[in-house]
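Hi,

Here is the structure I promised to pass on.

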Amino acid sequence: MTEPNGRFSQWLRGETDLFDEARSLILNQDGVPPADPPKKKPKRRKTGAMLHRRYTMFHILFVTSCILLLALLLSAVMDLPTFGDPYAPSSNEVSDRYVADGLEETGALNAVAGMILDYRAFDTFGESTVLFAAAISVLFLLQHRTDSHRHAFAPVTTNENDLILQTAVRISFPFILMFGSYVVLNGHLSPGGGFSGGAVLGAGLILYGAAFGREGLSEKLPPERTSRITVICLLIYAALKCFSFFTGANHMAIEIPKGIPGAILSSGFILPLNICVGIIVACTIFNFFLLITEGDD
Amino acid sequence: MLEHIINMRFEIAAVFLFAIGFMTLLHPNLIKKIIGINIMDTSIFLFLAAAGYVDGRTAPIVTGLGADPSQYINPVPSGLVLTGIVVSVSTTAFFLALTIRLYRKYNSLNLDKILLLARKGKEKV
């Protein structure tokens, strides 16, 4: 066999750049000034007209493809099993098993919590890591700001004298926090869990920050500290799940006590995992708020 | 046929929401593009939640050992919606951060203007 010598395999070996030609074409069109100035003017006008025509073409194509997509999806939807059909292929033995044996195997009344934090806990760890990665990217993007754009975005609420908002927040803030903690702590017993409860907690913190100005809260919870708390919670999550995987894969008979089904302290690791996820979500959402509204007031 | 359409109303609404979000992407304003992507996300959540529903069954809060699976709806799509919401929130925050950076550099939210300015290599008109 001879060595493949096409352009693609050359590019794979790192010898040539496939996109070099295209890139130089684009740059010559508008970026780099051409060699002789007198020829420049008619050329540019031509490209401008061409660009405009392409722009309209793009719009027409886009709308047509959208209508085509709509028709395609509608015809596909009409072939789906009827809404609420108990014999639909999606409700198969997998979901039956989660519901039937979930309580015995995970100790959680809420089958969804048992599913995402016990059977598929690794998946949820990935989700929390996605949130963390987003928070870190936003932190990187918005960290260094120039002073010339201090008022780039109009402030949402910076009114120190907004009595109605402040009184309402002062009354409702403890209840929002209490409800958020309830949803997190009862994640294995009732609808809810780390993600929804963490979102409630984060929304409460955002409300407080919007009513009383972000200085007070951002001093207590700066982005660096919330990131640190998030990392610690992720590590605790990883350690707990590593323990489960290690003991499970090696057939070690270390049973995590399940407790009485229905009690708060039950269902093994689901409660601590829910708390970790709740703290991660609350910190991340509040972090987004602090970073995105930076420089408002 | 009409009865089938009425039965499939949630899925059809999800498809229309998806198309609306897709059309919103055409708008040159970056914030409206982000809103369009969020509408598309929401349509997917509606579709998944509709796929998990079974007539006459309750939420999967199992109250006793040896539960009968034919009493509860399918819990798997609920978990998928949860995953989808988290990813949607993360990507939205990332888009917004990128938009803020673009606005600080070019002082505009119009993508066409930004592209023109970026081609000319100019900042801040």
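This is a predicted model: local features need pLDDT of at least 70, side-chain atom pairs count only at pLDDT 80 or more; totals for chains, interfaces and linings use all residues.

Let's begin with a pair of helices in chain A. Helix α5 (residues 111-119) and helix α11 (residues 270-292) have axes that come within 10 Å, and they cross at roughly 85 degrees. Angles from 65 to 115 degrees count as roughly perpendicular, and α5(A) and α11(A) are therefore roughly perpendicular to each other. On the α5(A) side, the contact is made by Ala113(A), Gly114(A), Leu117(A) and Asp118(A). Their partners on α11(A) are Ile270(A), Leu273(A) and Asn274(A).

Next, the surface of chain A. Leu185(A), Ile264(A), Leu265(A), Ile275(A) and Ile279(A) make up a nonpolar surface patch of about 420 Å². If you want to find Leu185(A), look in helix α7, which covers residues 163-185. Leu185(A) has a relative accessible area of 36%, so this leucine is partly exposed.

Now for another leucine, Leu201(A), which sits in helix α8 (residues 194-212). Is Leu201(A) buried or exposed? With a relative accessibility of 18%, Leu201(A) counts as buried, because buried means under 20%. And what does Leu201(A) touch, leaving aside residues up to four places away in sequence? The answer is Leu177(A), Gly180(A), Ser181(A) and Ala282(A). Take Ser181(A) as an example: Ser181(A) and Leu201(A) are 20 residues apart along the chain, and their C-alpha atoms are separated by 7.4 Å.

On to chain B. Chain B has 125 residues, and 38% of them count as buried. The accessible surface of this chain is about 6,600 Å², with 68% of that belonging to carbon and sulfur atoms. As for contacts in chain B with a separation of 6 or more, 47% are between residues 24 or more positions apart.

Asn107(B) lies in the loop between α4 (75-106) and α5 (111-120). Its phi is near 60 degrees, a positive value in a residue other than glycine. Most residues other than glycine have a negative phi. At 41% relative accessibility, Asn107(B) counts as partly exposed.

Happy browsing!

Technical notes:
Residues are numbered from 1 along each chain as its sequence is written. Chains are lettered from A and ligands numbered from 1 in the order in which they are written. Side-chain values use heavy atoms; hydrogens and water are left out. Patches are made of residues with over 30% relative accessible area and no salt bridge: like charges are joined within 9 Å, nonpolar side chains (Val, Leu, Ile, Met, Phe, Trp, Tyr) within 5 Å. Accessible areas come from the Shrake-Rupley method with a 1.4 Å probe; for residues, only the protein chains shown count as cover. A salt bridge is a side-chain nitrogen of Lys or Arg within 4 Å of a carboxyl oxygen of Asp or Glu. Helices (H or I, at least four residues) and strands (E, at least two) are DSSP runs, numbered from the N terminus. Buried means under 20% relative accessible area, exposed over 50%, partly exposed in between (1.4 Å probe, protein chains only). Contact means heavy atoms within 4.5 Å. Axes are lines fitted to C-alpha atoms, for helices over the stretch in contact, and angles run from 0 to 180 degrees between N-to-C directions. Angles under 35 degrees count as roughly parallel, over 145 as roughly antiparallel, 65 to 115 as roughly perpendicular and the rest as oblique.
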